[in-house]
Amino acid sequence: MALKNQIQAELATAMKAGDDTKVSTLRMLKAAILKYEVSGKEKTDATDEIILDLITKEIKQRRDSIEQFNSGNRPEMAAQEEKELEILMAYMPPQMSDDELKKTVMEVIEESGAKTKQDIGRVMGAVMAKVKGQADGGRVKEMVNAMLV
């Protein structure tokens with residue numbers, strides 16, 4: 001089932017079940033997809049890959065919000081964002097383990113011939129393309145920084 005159809009079906013199920021948090025989160029996601037589809041000169045259908053990019057963006061926003069709410073002593077708002085984050089994470093592919101990510105980073109470093117911290121951008125771009133949706137950018141950056149001297 002296409003990701004867009006899956007989101008629509010789960011939205012209907014959440015509405016019937018009265019799960020307000022899931023309904024609002026999925027509606028927000030549907031709005032982001034629709035905004036993408038109508039943003040160009042011609043209406044285009046969002047592919048699963050584009051939808052995953054949109055979900056990744058929403059996940060990043062939730063993580064930033066959680067951090068801000070926690071630092072602002074607003075635990076009830078952080079808890080709400082965490083619930084939304086959990087709902088969004090269900091649509092992401094399984095996350096890579098640290099060992100798998102380390103192996104991928106090492107392969108990219110060897111392929112690109114990167115040696116110093118000046119090569120971080122080149123390595124990051126290649127790694128992120130390989131692990132698309134399977135690893136958070138912050139985790140990748142941390143690993144690349146640790147491996148380049």
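Colleague: What should I keep in mind about the model before reading any residue?

Modeller: This is a predicted model, in which local features need pLDDT of at least 70, side-chain atom pairs count only at pLDDT 80 or more, and totals for chains, interfaces and linings use all residues. Residues are numbered from 1 along each chain as its sequence is written, and side-chain values use heavy atoms, with hydrogens and water left out.

Colleague: Which secondary structure does the protein have, and in what pattern?

Modeller: Helices (H or I, at least four residues) and strands (E, at least two) are DSSP runs, numbered from the N terminus. Here the protein comes to seven helices and zero strands, following the pattern α-α-α-α-α-α-α along the sequence, and its C-alpha trace spans about 55 × 45 × 30 Å along the principal axes.

Colleague: How is the span of helix α4 to be read?

Modeller: The expected span of a helix is 1.5 Å times one less than its number of residues. Helix α4 (residues 75-89) has 15 residues and reaches 20 Å from its first C-alpha to its last, which is close to the 21 Å expected at 1.5 Å a residue.

Colleague: Which residues of α4 are buried, and what covers them?

Modeller: Buried means under 20% relative accessible area, exposed over 50%, and partly exposed in between, with a 1.4 Å probe and protein chains only. In α4 the buried residues are Ala-78, Glu-81, Glu-84, Leu-85, Ile-87 and Leu-88, and their cover includes α2 (20-38) and α3 (48-71).

Colleague: Why does Glu-81 count as buried, and which residues does Glu-81 contact beyond its sequence neighbours?

Modeller: Glu-81, which sits in helix α4, counts as buried because its relative accessibility is 13%. Contact means heavy atoms within 4.5 Å, and, leaving aside neighbours within four places in sequence, Glu-81 is in contact with Arg-62, Ser-65, Ile-66 and Phe-69.

Colleague: How are the buried residues of α7 arranged around the helix?

Modeller: An α-helix has 3.6 residues a turn, so residues three or four places apart point the same way. In helix α7 (residues 137-147), Val-140, Met-143 and Val-144 are buried. Seen down the axis of α7, these buried residues fall within an arc of 100 degrees, so they line one face of the helix; the arc is that of the directions from the helix axis to the C-beta atoms. On the other side of α7, Glu-142 and Ala-146 are exposed, while the cover of the buried residues includes α5 (98-112) and α6 (120-130).

Colleague: What share of the protein is buried?

Modeller: Buried residues make up 32% of the 149 residues in the protein.
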